[in-house]
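Biologist: Could you walk me through this one? I would like to start with the overall layout and then go into details.

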Number of protein chains: 2
Amino acid sequence: MENLLDGRKISAEINAETAQRVSQLNARGISPCLVFVRVGEDPASRVYVGMKEKTAAKLGIISRTIVLPEETSQETLLSLIKDLNADPETHGILVQAPLPKQIDETIVYRSVLPNKDVDGFHPENVGKLMLGESSGFVPCTPAGVHELLRRSGKTIPGSHAVILGRGNIVGKPMAALLIQKADDANCTVTVCHSRTPNIAEICRTADILIAAMGVPEFVTGDMVKPGAIVIDVGVNRIEDPNAKNGARLVGDVAFEAVRTLAGKITPNPGGVGPMTIAMLMRNTAQAATPGRA
Amino acid sequence: MENLLDGRKISAEINAETAQRVSQLNARGISPCLVFVRVGEDPASRVYVGMKEKTAAKLGIISRTIVLPEETSQETLLSLIKDLNADPETHGILVQAPLPKQIDETIVYRSVLPNKDVDGFHPENVGKLMLGESSGFVPCTPAGVHELLRRSGKTIPGSHAVILGRGNIVGKPMAALLIQKADDANCTVTVCHSRTPNIAEICRTADILIAAMGVPEFVTGDMVKPGAIVIDVGVNRIEDPNAKNGARLVGDVAFEAVRTLAGKITPNPGGVGPMTIAMLMRNTAQAATPGRA
């Protein structure tokens, strides 16, 4: 498949760059350290944190995982974050979603210092991204998609980028990235969502189509302009009696139908997923670098 | 002109609402106070601050204008803002652009406390707007355009809003407002700019067309779908030998040609301009209201 935009390969390149940056920091006596905070025993959270721990270790980034019991109060969690904010040896803090229902996620995420917020979810980091300032952290998934585009060999400026989904984690920051006046952006950007009436028609005008709606195989062949770059951010669990657990994961793109048309397309898995983790590691190295704003 | 979206009339309605809110605050012993900081004697800045002072006075908002000499250092300006941040009787702070060149505007705007930043330019306020949180301040011009749309009698949700221009003051926050999951938003949003190749074609698909590019009379009749709402944010000075000073102001929309097609259209002047000031006053009343985040 010549037109595959291989997230495993590209994330390996980025991870190699990050590992090099980490050893340069080590040579200056700095040990980049990322702290994961997990509350309760959500099985998916355990898997996600585990994958991130493993990548960190490979790149020379120290990670610590603090696990709190399901019944932890918001006050206790905020007090822990306050300590981590104050700890000079903690460079990045990641509070793994979801949090138990007695805890207000917005308050918790907001309590992480913006310059340790390697997830990029603090309003100050979101605002800097929107304003085109490079001193903040960019949320990992859209940052990963942006790197896929940058390393796709295709021209980004002047493209019409259509983003399906307007969530705070992918759709909105993705739009903010591609709209900027910059050589790796300068796109005309359209954001579509569940309330868009003529979504198929708009998709057909896309040079870059980014699917982050969370609807299984939403993007079909008739929605894609031949030669378009198609990025599948979706991770949807659908029932499948033939699968081991009675379910399997599919993306937001009907891959087999779209791959024959697309100029470039991400596989899923193996596309955006590994990029997200790579960008988290890069953000952590950035957080540990002295002199960044 | 039945299809005029009259900013003078609608801003008067909003100002009446704000005046009422101010008297309620007064009854609770609170005197909303907005402080203007002007550096140097830029003639346009003098006019703008003068207009805002006048509106504030009409609505019962106390305003103070601090004028610093052109050669003021950044340090002196930052120290003044620090004092205003700490002053419990100052609810809103507006540092009038432009600033002299020895001063870094970004640093100065950032130094205003987010909860006194009635201009809505602090990254924390920009981030909250993007994230769909109502606890921040929305920049005045896009907030004013949003109110024009809300009070236009037309349906906003499901519309395709095309925004011409991607500046930090209008285009980007405008997109953030209309993209939200809300009954006065829920638009499919396309942002176009100088690097958009087929801009006329995209404009023709707009149900709501917002021109904020700063190009005189850019939007012509052939770019507008019949029945569309057209909002002209542009203020451009063009030479005109027949005008009093050899120049006159025009918008980004060729008004005479477009008015016959548009479902609703803002005059210019008398459209967005008065709305901007009205929203500044509303933001100030909001800043003075106890218990807001």
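Modeller: In chain A, the C-alpha centres of domain 1 and domain 2 lie 29 Å apart. This is a predicted model, in which local features need pLDDT of at least 70, side-chain atom pairs count only at pLDDT 80 or more, and totals for chains, interfaces and linings use all residues. Residues are numbered from 1 along each chain as its sequence is written, and chains are lettered from A and ligands numbered from 1 in the order in which they are written.

Biologist: Where do the domains of chain A run from and to?

Modeller: Domain 1 of chain A covers 28-113 and domain 2 covers 140-273, with bounds that come from an automatic or database domain assignment.

Biologist: And what rotation puts chain A on chain B?

Modeller: A rotation of 180° with 0.0 Å of shift along its axis superposes them, at an RMSD of 0.0 Å, and the two copies are thus related as by a two-fold rotation axis.

Biologist: How many residues are in contact between the chains?

Modeller: 24 residues of chain A are in contact with 23 residues of chain B, where contact requires C-beta atoms, placed from the backbone, within 7 Å. Helix 5 of chain A gives the most to the chain A side, with eight residues; helices (H or I, at least four residues) and strands (E, at least two) are DSSP runs, numbered from the N terminus.

Biologist: Why do you say the copies meet through the same surface?

Modeller: Because 96% of the interface residues of chain A are also interface residues in chain B.

Biologist: Which way do the two copies of strand 5 run?

Modeller: Strand 5 of chain A and strand 5 of chain B (residues 188-192) run antiparallel and are joined by three bridges, pairing being assigned if DSSP finds at least two bridges between strands. Val189(A) stands opposite Val191(B) there.

Biologist: Switching topic, is Pro274(B) buried or exposed?

Modeller: Pro274(B) counts as buried because it has 22 C-beta neighbours inside 10 Å; the cut-offs are 20 or more other C-beta atoms within 10 Å for buried, 12 or fewer for exposed, and partly exposed in between, with C-beta atoms placed from the backbone. Pro274(B) lies in helix 10 of chain B (residues 272-288).

Biologist: What does Pro274(B) touch, leaving out residues up to four places away in sequence?

Modeller: Pro274(B) touches Gly7(B), Arg8(B) and Ser11(B), and the C-alpha atoms of Pro274(B) and Ser11(B) are separated by 6.1 Å although these residues are 263 apart along the chain.

Terms used
Copies are superposed by least squares on the C-alpha atoms of residues with pLDDT of at least 70 in both. Two residues are in contact if their C-beta atoms, placed from the backbone, lie within 7 Å.
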